[in-house]
Amino acid sequence: MLAHILALALKEFLALVRDPRSRLVLIGPPIAQLIVFGYAATFDLKDVPVAVYNEDPGATSRALIAHIQGSPHFRIVEAVDHEAAIAPLIDRKRVLLVLHVGPRFTARLARGESAPLQAILDGRNSNTAMLALNDLRSVVLAFNRELAARQGRRDAGAVLQTRAWYNEQLDSQWFIVPGIVGLLTLVVTLVVTALSVAREREQGTFDQLLVTPLRPVEILVGKAIPGVAIGALEGSVIIGLAVAWFGVPLRGELAALYLGLVLFLLSAVGVGLMISAIAVTQQQAVLGAFLFLVPAVILSGFATPIANMPEAVQWLTYLDPLRYFLIVVRAVFLEGADHTLLIHQYWPMALIGLVTLAAAGWLFRHRMY
Amino acid sequence: MSPPALRLEAVTKRFAAGDRVVTALDAVDIVVPAGGICGLIGPDGAGKTTLMRLAAGLLAPDTGRIDVLGLDPTAEPQAVQSAVGYMPQRFGLYEDLSVQENLDLYADLHGVPHSRRRQRYARLMRMTGLAPFTRRLAGRLSGGMKQKLGLACALVDPPRLLLLDEPTVGVDPVSRRELWSIVVQQVGEAGMTVLLSTAYLDEAERCDQVILIHEGRVLGQDAPEGFAREAAGRSFELEAPGVHARRLQSRLARLPGVLDASVIGDQVRIVTTPGFDPDPRDLLPQMHDLSIRAVPPRFEDAFILRLRGAVGASSPAPIGPIQVSADRDETVIRVRNLERRFGRFRAVKGVSFSVRRGEIFGLLGANGAGKTTTFRMLCGLLPPSGGELSVAGHDLRHARAQARARIGYMAQKFSLYSNLTVWQNLRFFAAAYGLRGARHRQRLRWALEGFELGAFRDVNAGVLPLGYKQRLAFAAALMHEPEILFLDEPTSGVDPLARREFWARINALAEAGVTALVTTHFMEEANYCDRLVIMADGEILAEGSPHEIRARARTPDHPRPSMEDAFIGLIQGRRQAA
C-alpha cells in the first residue's frame with residue numbers, strides 16, 4: 001500500500017516537473033497575481049455598520065448623528081453607553097466603526113471652539129476601514145459646513161480623530177497580502193490537481209493505471225500528495241514574502257496557520273481531483289477549475305466583506321473553503337490568534353476536504369468514458 | 001512524355017519535438033509521373049504525412065525544391081491549392097453538417113458553378129453508394145462511409161493532383177475495395193494523378209508506382225512488380241499437415257537462410273537469402289510431411305528485404321520464462337450477451353464468446369466495429385449495459401484489486417507517460433504491480449534487455465521511435481508476468497518487421513500458456529490467432545479458427561480464399577440479409 005502510494009506520488013512529481021508547461025503553471029500565475037492583488041485592489045462601500053458612543057446630551061451631537069444616519073454609506077446598528085462596550089463590538093465584527101462623541105461636544109462648539117470627534121476603526125480590512133473613514137470625513141465636512149453657515153465661523157468645528165485597531169497605519173497591504181496566501185495556494189493546487197487526472201485521461205494513461213492492481217484510494221492519495229506538497233511550498237513562499245517584502249506582521253501561532261493551510265489544501269485538492277475526475281480533457285479541467293475559482297474567490301470575502309452580501313449568498317459562502325482559510329490567515333497574521341480560537345474554521349475545511357476527496361475517488365471508477 | 005505531377009529535390013524537413021529535433025524527411029528525391037496512382041508506403045512516422053503536406057503547400061521545406069504541377073508551393077501556395085486536392089488522414093469533414101451540406105461546402109470552396117453541381121453530385125453519390133444518406137449528419141456515418149464522403153468531397157472539383165493520406169486505414173475491407181475502385185475510375189476518366197499513402201502492403205500492388213519510405217528516407221521507387229522482382233526465386237510456401245502454421249512459422253523464422261517467415265492461411269511463406277535452396281529434408285528434418293513450393297514474389301517480400309537492409313537483421317529476443325498453469329482446457333474469459341449502449345447508439349450488441357487458457361484469440365473488425373468497447377468492458381474500464389462477463393473468474397470492474405494483477409493491458413494508442421523516461425515508466429509500472437526487491441530489479445533488467453530498450457533507458461518515452469514505443473508498452477504490460485494479455489491494435493502503424501517481431505513474442509507467450517486477446521484490423525494477422533471472432537457494427541459475424549472461417553468463403557472457382565475474402569463474404573451476406 002505504502003510502496004504503491006510512494007511510487008505514484010513520485011511519478012506524479014516527475015510528470016509535473018518534467019513538463020515545461022506544468023512548470024510554468026506553478027511559477028507564472030502566482031507572481032502575476034501577487035503583483036496585481038498586492039498593489040492594485042480597491043473597493044467601494046455602502047451600509048457600513050456603525051456604533052455610536054455619545055456622551056454628549058446636547059442637540060449638536062444629535063444633529064451630527066442624524067447626518068451619519070442619513071448617509072447611504074452608514075447604518076447605525078448599535079448605541080453604546082460605556083467605553084468597555086466598544087472593544088467586543090469591533091472584535092466580533094459587529095461594527096466596522098465606532099464614533100465617540102465626547103461629553104462637551106455641543107458645549108465646545110457653542111463656544112466657538114473646535115470639538116474633537118473620535119472614530120475607532122477595525123483595521124483588519126484596511127481598505128474597507130480607509131474607505132469608511134473617507135466617507136465619514138465627508139459627512140463630518142458637510143456637517144461642519146452647515147455649522148459654519150449657521151454660526152458664521154471660519155475654522156472647522158468638529159475635528160475627526162481616528163484610531164484604527166489591529167492595523168494601526170491602515171496599510172491596505174496588511175489586509176490583501178495575507179489573503180493572497182489563500183488565493184494563490186488555491187489557484188495553484190486546483191490547477192495542478194485538476195489537470196492531473198484529466199491529463200492522464202487525455203493521454204490514455206489513466207486506463208493503464210486503472211488496470212493495475214492500484215486501488216482508487218491509492219491513486220487518490222498518490223495524486224493528492226503532490227498537490228498538498230506543492231501548495232504548502234507555494235503558501236510558505238508567499239507567507240515569507242508577506243512578512244519579508246510587504247512587511248505584514250505575523251502576530252499569531254505559526255502552527256495554527258499551517259494547520260489551517262494543510263486543511264485548506266486538502267479541501268482544494270479534493271475539489272481539484274473531483275473536477276479532474278469529471279473532465280475528459282485537460283481543457284475541460286482548466287475550465288472547470290476556473291468555474292470553481294471565480295465564485296470561490298468572490299464568496300470568500302477576499303475583497304468584499306461577506307456581511308455585505310445578500311443573505312442567500314452568505315449561506316453559499318459556507319461551502320467555500322477559501323472563506324474559512326481567509327479568516328484563519330488574517331486572524332493569525334493580524335490578530336495574533338492561536339489554534340483554539342480557530343477551531344470553527346478548521347472543521348468545515350476538513351469536512352469539505354473529506355467529502356470532495358471521497359467523491360473524487362468514487363468518480364475515478366464510475367466516470368470513465 | 002508529360003512533365004511530372006510532383007517532384008521533390010533534396011527536400012529536408014525537421015520538426016522540434018521538445019528539446020529534440022526530429023528529421024521527418026531527410027534529403028528526399030522523388031518524381032511522381034503524371035497520370036496513374038502512386039503509392040507512398042511506409043510505417044507510421046516514416047514521413048508520409050509530412051510529404052503530403054509539403055506537396056499541398058501546407059508546410060514549407062527547410063531545404064530543397066518542390067515542384068507541384070510546374071508550380072512552387074512555397075511561392076504560390078494559393079495556385080497549388082486550387083490545382084491540388086488533399087484528403088487528410090482524419091477526414092476533413094464537418095461532422096455537424098449533413099452529407100449534402102459537406103458536398104455543397106466543398107463545391108463552394110472550390111467555386112464549382114451551380115450548373116455543373118447536380119450532375120457531379122449524382123455521379124459521386126452513385127459511385128460512393130452514399131445516395132440514400134445525403135441528409136444524414138457526417139458524424140453519424142460509419143468509418144468507411146466517412147472516408148468515401150471525404151473522397152467525394154475531394155473529387156467535387158476534380159483536381160489534377162489528388163493527395164490521399166491513408167484513406168483506407170482502419171476501414172472495413174468492403175469499403176476499402178469501394179474506395180479503391182473510385183480512385184481507379186477517377187484516374188482513368190479524369191486523367192488525374194493520385195498520390196496515396198497506406199500502411200497496407202497488399203494495396204501497393206494496385207499502384208502503378210510505389211515509393212517506399214522509412215524514417216524520412218526513400219528506400220526506393222519502382223513499379224510494384226519491379227520491387228517484387230528482387231525477391232524472385234526466393235519466395236516459398238511451406239505446409240506440414242497436422243502442424244499448426246504458427247508453430248511452423250516460428251521454427252522456420254529461426255533457421256539460417258530464412259530472412260522472413262509469415263503465416264498465410266494454413267501455409268507459411270518464407271523469403272530466403274539469395275541462392276538458398278530450401279529442401280524439405282534439410283530444412284526441418286524432424287518434420288516428414290513438410291511440402292515446399294516456390295511461389296511468385298510479392299511486394300511485401302521485397303519491402304521486408306529492403307527494410308532488413310535498412311535496419312539490419314534482428315531476431316526477436318527470447319521472451320524469458322513466464323510460468324502459468326498448464327491446464328489448457330480451462331476457460332479463462334467468458335462473455336455472454338454483452339451489451340453496451342452510448343445514449344441511443346448500441347456499440348456492442350449481445351456479443352458472446354469464450355477463450356481458453358493459452359489461446360491467442362482475435363477480435364477482427366474495422367474501426368467502429370465495437371472491438372475496443374468490448375475490450376474496455378473486459379478490462380473493467382467501462383461498465384457493460386447488459387450481459388455477463390468474467391476474466392479469470394472475475395468481473396474486473398468489481399473484483400478486488402489483486403485480480404487485476406493477473407492481466408496485462410496494452411491500449412490502442414501509446415499510453416505510457418510520455419514525459420517520463422523509459423526507465424521511469426518501467427519502474428513505475430513495476431511498482432504499481434507490486435514488484436519489490438530482487439524481483440523488481442530482475443524484471444526491470446528483463447524488460448530493458450528482452451526488448452532491446454537499453455539504449456533508450458534515459459530517453460523520454462514520448463520521443464521514442466514508434467516501434468520502440470510499442471516495445472515499451474508491451475514490456476510494461478508484461479512486467480508482472482500476467483496470465484492474460486489484452487492487446488488493443490498492437491500492430492497498428494508499425495512497420496512489417498516490428499509486426500513480425502511482435503507476433504513472434506505473442507507466439508512465445510502463448511506457448512508458455514499465456515492467454516492473449518488481440519484486436520486487429522489487419523486481416524492477414526488473423527491467421528496468427530488460434531481462434532477469432534469477426535465483428536462488424538457491434539455484432540459477431542463469425543467465430544472459429546482462421547481455417548474454419550476461411551473455409552466458409554471457399555467456392556469452386558476460389559479454392560483458397562484469404563481472410564479478407566472471408567470477411568467481405570460475411571459482410572455482403574449480412575447486407576443481403578438486411
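This is a predicted model: local features need pLDDT of at least 70, side-chain atom pairs count only at pLDDT 80 or more; totals for chains, interfaces and linings use all residues.
Laid along the principal axes, the C-alpha atoms of chain A fill a box of roughly 90 × 35 × 35 Å. Of the 369 residues in chain A, 47% are buried. Contacts can also be sorted by how far apart the partners sit in the sequence.

Domain 1 of chain A takes in residues 2-40 together with 172-366, while domain 2 covers residues 48-165. The centres of these two domains, taken over C-alpha atoms, are 42 Å apart. Seven residues from domain 1 of chain A and six residues from domain 2 of chain A take part in the contact between them. On the domain 1 side, the elements that give two or more residues are helix H7 (172-203) and helix H13 (321-335) of chain A. The residues on this side of domain 1 comprise four nonpolar, one polar and two charged.

Chain B has its own division, into domain 1 (6-227), domain 2 (233-296) and domain 3 (331-577). For domain 2 and domain 3 of chain B, the centres over C-alpha atoms are separated by 27 Å. Each of the two contributes to the contact: nine residues come from domain 2 of chain B and nine residues from domain 3 of chain B. Helix H9 (245-253) and strand S11 (258-264) of chain B are the elements that supply two or more residues to the domain 2 side. H9(B) gives the largest share of that side, with four residues. By type, the domain 2 side holds four nonpolar, three polar and two charged residues.

Six strands of chain B build an open sheet with mixed pairing, in the order S5-S6-S7-S3-S8-S9. Strand S5 (84-87) and strand S9 (217-222) of chain B are the edge strands; each has a single partner strand, so one side of each lacks a neighbour in the sheet. From one strand to the next, the twist averages 15°. Strand S8 (residues 209-214) of chain B pairs with S9(B) in the antiparallel sense, over five bridges. One residue pair can be picked out here: B:Ile211 has B:Gln221 in S9(B) as its bridge partner.

The two chains also meet each other. Their contact draws 24 residues from chain B and 21 residues from chain A. On the chain B side, S18 and H13 of chain B are the elements giving two or more residues. H13(B) provides the largest share of this side, four residues. The chain B side divides into 15 nonpolar, six polar and three charged residues.

Of its 11 residues, 10 are buried, so H13(B) is largely enclosed by the rest of the structure. The buried residues of H13(B) include B:Val422, B:Leu426, B:Phe428 and B:Phe429, as well as B:Arg427. Among the elements that cover the buried residues of H13(B) are helix H1 (2-17) of chain A and, from chain B, H14 and H15. After H13(B) comes B:Gly434, which has a positive phi, near 75°.

Because 12 of its 13 residues are buried, H15(B) is largely enclosed by the rest of the structure. Among the buried residues of H15(B) are B:Tyr468, B:Leu472 and B:Phe474, along with B:Lys469 and B:Arg471. The cover over the buried residues of H15(B) includes strand S18 (407-410), helix H13 (422-432), helix H14 (437-450), strand S19 (484-488) and helix H16 (496-511) of chain B.

Methods:
Residues are numbered from 1 along each chain as its sequence is written. Chains are lettered from A and ligands numbered from 1 in the order in which they are written. A residue is buried if 20 or more other C-beta atoms lie within 10 Å of its own, exposed if 12 or fewer, and partly exposed in between; C-beta atoms are placed from the backbone. Two strands pair if DSSP finds at least two bridges between them. Axes are lines fitted to C-alpha atoms, for helices over the stretch in contact, and angles run from 0 to 180 degrees between N-to-C directions. Domain bounds come from an automatic or database domain assignment. Ala, Val, Leu, Ile, Met, Phe, Trp, Tyr, Cys and Pro count as nonpolar, Asp, Glu, Lys and Arg as charged, and the others, Gly among them, as polar.
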